[in-house]
Amino acid sequence: MFPFEFSRAADESAALEAGRSGARYIAGGTTLVDLMRETVERPVSVVDINRLPYRDIEIDSTRLRVGSLVRMSDLAAHQEVRRQFPVISQALELSASAQLRNMASIGGNLMQRPRCPYFRDVSATCNRREPGSGCAAIDGYNRMSAILGTSDQCVATHPSDLAVALVALDAAVVLRDSGGDHTIPLAEFYRLPGKTPEQEHNLGTGQLIVAVDVPVSPGTRRSGYLKVRDRQSYEFALCSAAVALDIAGDIVRSARVAVGGVGTVPWRLPAVERAVAGRRVGPELWSSAAALAADGVNPLSGNGFKVDLLRRTVERQLTTVAGLL
């Protein structure tokens, strides 16, 4: 680990000032500390923001607002969240071990860095870590890599389970800087790698994530998260699916579907959503809609199996969520 300066922000203004000076924010530290230990991240200054007041969970008739410093375990256990937004609770509980969930913050979870082994190996080439150095995964070990949203610069999957659920629910992040608050849809917060994979998101220097807003809408209660992985214990997704369905009688009024483990960002599936809207529920519908999930895939030498896995995962979760009471 490289030497760095550590401090604690006494209040929001101090945190924002430190951020404008280039300091890195830390809350639970479950990602940043690991990357610093591996010398992937080498910040000169680190600022603890745990004294800031972003710890509330508020639900009314229009939205759920979650403070960015709420711990993953607290949000997952919140009874109204479990009742009205089960997909969020399930995504959180499948994200990490209980010990990590007790420490990790919601804001930190959304800001996770890639889990590609080449990103975390400083002896390997990685355009996210060192722009212009190359992407070792494209011709190397790429079983866990993305098949959607990739470029010739990067094929790393996005690591957050929670982000997949939130993108499916049209969530937005609230950012704060010296000019006030700025709200941006989470789906627009993350950036595709393109030619600049080192630019992973639209959080500016000197900005803080202060909250996440999730609109209350028909279908959020009939929702769920499915995570397919190599082992049942703590592991990152080979493929995951967040599904929310609004069903009246036996007709799907609307659907929201997003997937993880296969995209460079949390990946929404509008073609699948359109395919089921207005249709009568049934196995044939889920199968035909799920077949559209793999539109636009670009598999590599080691992850072609994810194409069929993606379709099967979406079909299974549509079937499961449609069967919920």
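## Helix packing, salt bridges and cysteines

The model is predicted, so local features need pLDDT of at least 70 and side-chain atom pairs count only at pLDDT 80 or more, while totals for chains, interfaces and linings use all residues. Residues are numbered from 1 along each chain as its sequence is written, and side-chain values use heavy atoms, with hydrogens and water left out.

E38 forms a salt bridge with R120, where a salt bridge is a side-chain nitrogen of Lys or Arg within 4 Å of a carboxyl oxygen of Asp or Glu. R120 sits in the loop between α7 (106–110) and α8 (136–139), and E38 in the loop between α2 (32–37) and β3, so the pair ties together parts 82 residues apart in sequence. Helices (H or I, at least four residues) and strands (E, at least two) are DSSP runs numbered from the N terminus. R120 is buried, at 17%.

The structure holds 24 salt bridges, including these:

| Salt bridge | N to O distance |
|---|---|
| R120 and E38 | 3.9 Å |
| E80 and R83 | 2.7 Å |
| E130 and R129 | 3.3 Å |

E80 and R83 both belong to helix α4 (residues 79–84) and are three residues apart, about one turn of the helix. E80 is partly exposed at 29%, as is R83 at 41%.

In helix α1 (residues 12–20), the buried residues are A15, L16, A18 and G19. These cover an arc of only 160° around the axis (taken from the directions from the helix axis to the C-beta atoms), which puts them on the same side of α1. They pack against β2 (24–26), β3 (45–48), β6 (172–177) and β8 (208–215), contact being heavy atoms within 4.5 Å. Just after α1, G22 has a positive phi of about 100°.

Helix α5 (residues 86–93) is largely enclosed by the rest of the structure, because six of its eight residues are buried: P86, V87, I88, S89, A91 and L92.

With a disulfide defined as two cysteine sulfur atoms within 2.5 Å, the count is zero. The sulfur of C126 lies 6.1 Å from its closest cysteine sulfur, in C116, too far for a bond. For C154 the closest cysteine sulfur is in C135, at 5.5 Å, also too far for a bond. C126 is buried at 8%, and C154 is buried at 5%.

Definitions and conventions: Buried means under 20% relative accessible area, exposed over 50%, partly exposed in between (1.4 Å probe, protein chains only).
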